[in-house]
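Subject: Structure handover

Dear colleague,

Here is the structure for you to look over. My notes on it follow below.

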Amino acid sequence: MTEGYIKFNCNWMLKQFPFQEEVYEELEAARVKLRNLGLIGMYPDGIGFGNISVRSSGGKSFIITGSATGHFEKLGQIHYALVTGYDFEKNSIFCTGLTKASAESLTHAAIYESLPEVGAVVHVHCFWLWERLLNNCPTTSAEIEYGTPEMAYAVGELASGINGKIIVMGGHREGILAFGSNLIEATTEIINIYNRYKND
Ligand SMILES: [Zn+2]
């Protein structure tokens with residue numbers, strides 16, 4: 001464990017939140033596309049990867065795929081959580097739902113916080129693409145680990161200073177982030193770059 005490591009803290013209220021059918025369907029459509037490319041899924045050891053979120057009605061809150069849902073082909077509304085608050089310094093989030101929010105919620109929060117115009121964030125895993133994009137796209141320092149307040153700060157800072165909509169997580173092997181004004185835009189960003197490099 002790294003020195004100064006602060007454990008991720010999830011303050012979870014076990015209760016279904018109001019979830020618009022339309023928003024749920026948008027999330028599912030985006031997730032299916034990413035999952036079909038293997039950008040969201042599960043490793044052979046049973047650990048899930050990849051998560052997507054959408055900002056909730058212009059506020060600070062957002063709806064995100066639940067923790068440990070990567071192996072499901074399709075998700076029900078019960079597999080999503082609403083993040084209602086967060087504290088980067090304490091590495092903690094507040095969420096409501098029948099599933100806990102993803103442990104990577106703070107990274108999503110950092111982008112929403114930095115860029116008010118962003119409406120959706122997708123976080124995918126893909127080793128070969130990560131290797132190709134590493135230090136070619138804006139990349140967080142290799143020393144900053146996944147799930148730390150430092151990662152959230154680094155992502156937030158990078159997001160506010162770049163023209164593109166892709167961030168590579170240098171210290172989170174395979175981890176790539178894409179964002180956009182809505183889910184279609186965020187998903188298209190990552191799929192376009194995936195297709196561009198796929199046949200190289
Ligand atoms: Zn990840």
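The largest cavity is lined by Phe 8, Asn 91, Ala 103, Glu 104, Leu 106, Thr 107, Tyr 146, Gly 147, Thr 148, Met 151 and Ala 152. Two elements, α2 (105-114) and α4 (149-161), each give two or more residues to that lining. Helices here are DSSP runs of H or I with at least four residues, strands are runs of E with at least two, and both are numbered from the N terminus. By class, the cavity lining has six nonpolar, four polar and one charged residue. Ala, Val, Leu, Ile, Met, Phe, Trp, Tyr, Cys and Pro count as nonpolar, Asp, Glu, Lys and Arg as charged, and the others, Gly among them, as polar.

Please note that this is a predicted model, in which local features need pLDDT of at least 70 and side-chain atom pairs count only at pLDDT 80 or more, while totals for chains, interfaces and linings use all residues. Residues are numbered from 1 along each chain as its sequence is written, and side-chain values use heavy atoms, with hydrogens and water left out.

Cavity and pockets

The volume of the largest cavity is about 50 Å³, and the structure holds one cavity of 30 Å³ or more. The search ran on a 1 Å grid over the protein atoms alone: a cavity is a set of points where a 1.4 Å probe fits but cannot get out, a pocket is an open set with protein on both sides within 12 Å along at least five of seven lines, and lining residues have an atom within 4 Å of a point. Grid points are joined across faces, edges and corners, and a volume is the space filled by probe spheres set on the points.

The largest pocket has a volume of about 310 Å³. Its lining comprises 18 residues, and Ile 47, Gly 48, Phe 49, Ala 68 and Glu 104 lie nearest the centre. This lining divides into six nonpolar, 11 polar and one charged residue.

For the second largest pocket the volume is about 220 Å³. It is lined by 15 residues, with Val 23, Arg 55, Ser 56, Ser 57 and Ile 63 closest to the centre. Helix α1 and strand β4 (51-55) are the elements that give two or more residues to this lining. Its residues divide into seven nonpolar, six polar and two charged.

Helices

The buried residues are Ser 105, Leu 106, Thr 107, His 108, Ala 109, Ala 110, Ile 111 and Tyr 112.

The axes of α1 (residues 21-36) and α5 (residues 183-198) come within 10 Å and cross at roughly 5°. That makes α1 roughly parallel to α5. Axes are lines fitted to C-alpha atoms, for helices over the stretch in contact, and angles run from 0 to 180 degrees between N-to-C directions. Angles under 35 degrees count as roughly parallel, over 145 as roughly antiparallel, 65 to 115 as roughly perpendicular and the rest as oblique. On the α1 side the contact (heavy atoms within 4.5 Å) is made by Glu 26, Leu 27, Ala 30, Lys 33 and Leu 34, and on the α5 side by Leu 183, Thr 187, Ile 190 and Ile 191. These divide into six nonpolar, one polar and two charged residues.

Single residues

Ser 102 lies in the loop between β7 and α2 and is buried, with a relative accessible area of 6%. Not counting residues up to four places away in sequence, Ser 102 touches Phe 8, Asn 51, Ile 64, Thr 65, Gly 66, Ser 67 and Ile 93. Ser 102 and Thr 65 are 37 residues apart along the chain, with their C-alpha atoms separated by 6.3 Å.

Ala 68 is in the loop between β5 (62-65) and β6 (80-87). Although not a glycine, Ala 68 has a positive phi of about 55°, and at 60% relative accessibility Ala 68 counts as exposed. Asn 135, in the loop between α3 (127-133) and α4, has a positive phi of about 65° and is not a glycine either. Asn 135 counts as exposed, at 62% relative accessibility.

Regards

Definitions and conventions
Buried < 20%, exposed > 50% of the residue type's maximum accessible area, 1.4 Å probe, protein only.
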